[in-house]
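Student: I have a model open on my screen and would like to talk it through with you. Could we look at it together?

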Amino acid sequence: MRKRSARPWQSAKTPHRHHHDANSCIEESKSKNARRHYPFTLKAMVTLLLLIISYKILFHFTPFWNTADHNDVIHLDSIETLSTVPLGFTLDLPKNLGALEIYLDSRLISSIVDPALLPTKDEHNFNFGTCDISDHGDNVRKHAFSLGEGELGKMEPIFLTPGNHVIEIQQRNESELIPYAQMTLKVNSPPELILSSSTLGSSPFEDAYKLALKETGSNIACNHFVAGTGWAQLWTRDTSFASELGAALIHPQVVRKSLMDSVEVLAGGKKKVWLQDKCGHFGGWPNLSDAIVGVRGAWSLYLATGDKEFLKWAYDVTRDSLQRAEDEVLDKDSGLFLGCSSFLESNSGYPEKYMNDGELVGKTKALSTNILYYSGYELASKMGRELGVADKPIHDLEEKANLLKATIQRRLWSPSKNNYAYFEDEFGMLVDTTEGLGTSLALLDFDDDERNNMMLKSTHTTELGITCLWPQFKYSASFMEWRIPR
């Protein structure tokens, strides 16, 4: 293998782990071939061109290092990347080099006591900017800007904020530090889609539209949507509602990847279902059971892209998700699905007696979650028709949708409020509070002009729009204040 004696470093991709087979930003590179040299064929030229084009947005590198004389530092060409990927450098270490120390922004982060003690190969990788997400609930935004250990020493990932950073490698000669190499790293904020001022004017509506585009783009990290500031995880619900509310039109590939990573594998390893989000106050499945919301985002993406391959995948996930819900959270007595409201999965969204009691919340039947299951059946039947599925499975889905809709309309309607109730409690009594999300879903999904007019008149509004809940709970010891008998 031919060596480049005058170049102790070279840029390289480094391998990384996959999560859920798809939960990272790039495909694993074959680093064992990184130093082989082949004749420069047309295929190699095309590959190089594609790599250069892909390095465009988030990171910008300007490496410097010395050649044979370790006292000199020189510049190399800079690199830009399209996505946050495990890029870095490969360091060619002479055996007599001595101890090295690695600094990030003047802070020691790793060291090599003696390169001669390292494995016999001449190259040692040091990578940063990994999207190696180990869990669905990880802080994706931090992983987008993390500095990994590579092979130069054991260290925990360091999370980089957007801005300029400097990585320095110093050679330690007794008490003296001699610069060996330096790399500048520019971390950009996640990509944003903003229309120019010439495209839109400056009215309040247009300003709000541009702000919405900017906010949507700022919640992209590692080619995924995150749940927002302070909630930088990938959530099934947030991704799905974002897709339905327009993200499928402006960021279809991000929506696709986010939805395809919002799944979990059932016991046995054969079936995938929409992954249930978890919350700190009530836990996850089955206390929270609104994972079926993924179908709404998937259908919206199909309407925007016409992607039949994705639709087939989403149909299978939705069908298996409905089956799991029927087996585990369908209350046979009422015909409603058990579980927390889809949106208000916290103590602030429930009366005091439910505080931090996910098991008790899991015995209630929420309006919003049940309408999501209605749309799960309805949209799964539409997916099946688009895919040419046999008539019987489609008819079964349609019958279940109609039955659930009728049950919701019969059991959760509150005549005294001229609106739907928030949820049916563990004793089968209505909690006579209006839920903003559930009311909105009913208006969108139920074709009932008479009740829709009642809801539009009775729903409480403020200067900023409707409320999540009205009236708010008083956390009274007298729980009869918020329950009404049938």
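Student: Does Y373 count as buried or exposed?

Tutor: Good place to begin, and do keep in mind that this is a predicted model, in which local features need pLDDT of at least 70, side-chain atom pairs count only at pLDDT 80 or more, and totals for chains, interfaces and linings use all residues. Residues are numbered from 1 along each chain as its sequence is written, and side-chain values use heavy atoms, with hydrogens and water left out. Buried means under 20% relative accessible area, exposed over 50%, and partly exposed in between, with a 1.4 Å probe and protein chains only. Y373 has a relative accessibility of 1%, so the answer is buried.

Student: Which geometry does the ring pair of F337 and Y373 have, stacked or edge-to-face?

Tutor: A pair of aromatic rings is described by the distance of the centres and the angle of the planes. Rings of Phe, Tyr and Trp (its six-membered ring) pair if their centres lie within 6.5 Å; planes under 30 degrees apart count as stacked, over 60 as edge-to-face and the rest as tilted. For F337 and Y373 the centres are 4.1 Å apart and the planes are at 15 degrees, so the pair is stacked.

Student: How many residues apart are F337 and Y373?

Tutor: Helices (H or I, at least four residues) and strands (E, at least two) are DSSP runs, numbered from the N terminus. F337 sits in the loop between α7 (308-328) and α8 (358-361), while Y373 belongs to helix α9 (residues 367-387). The pair thus links distant parts of the chain, 36 residues apart.

Student: What is the angle between the ring planes of Y354 and F423, and where do these residues lie?

Tutor: Y354 is in the loop between α7 and α8, and F423 is in strand β20 (residues 423-424), 69 residues apart. Y354 is buried at a relative accessible area of 0%, and F423 also counts as buried at 0%. The ring centres are 5.9 Å apart, and the pair is edge-to-face because its planes stand at 85 degrees.

Student: Which residues form a cluster through ring pairs?

Tutor: The structure holds 15 aromatic pairs. Ring pairs link several aromatic residues into a cluster, and its members are F282, Y350, Y354, Y422, F423 and F473.

Student: Are α4 and α6 roughly parallel or roughly antiparallel, and why?

Tutor: Axes are lines fitted to C-alpha atoms, for helices over the stretch in contact, and angles run from 0 to 180 degrees between N-to-C directions. Angles under 35 degrees count as roughly parallel, over 145 as roughly antiparallel, 65 to 115 as roughly perpendicular and the rest as oblique. Helix α4 (residues 236-250) and helix α6 (residues 294-305) pack at about 20 degrees, with axes 7 Å apart. The two helices are therefore roughly parallel.

Student: Which residues of α4 and α6 make the contact?

Tutor: Contact means heavy atoms within 4.5 Å. On the α6 side the residues are G294, R296, G297, S300, L301 and A304, and on the α4 side they are T236, S240, S243, E244, A248 and L249.

Student: Which residues of α5 meet α6?

Tutor: Helix α5 (residues 252-261) packs against α6 at an angle of about 145 degrees, with the axes 10 Å apart. In α6, the partners are G294, G297, A298, L301 and T305. The residues of α5 that meet them are P252, V255, R256 and L259.

Student: What is the phi of S106?

Tutor: S106 is placed in the loop between β6 and β7, and it is exposed, with a relative accessible area of 61%. Although S106 is not a glycine, its phi is positive, at about 70 degrees.

Student: How many residues of α11 are buried?

Tutor: Helix α11 (residues 436-445) is mostly covered. Its buried residues include G436, L437 and L441.
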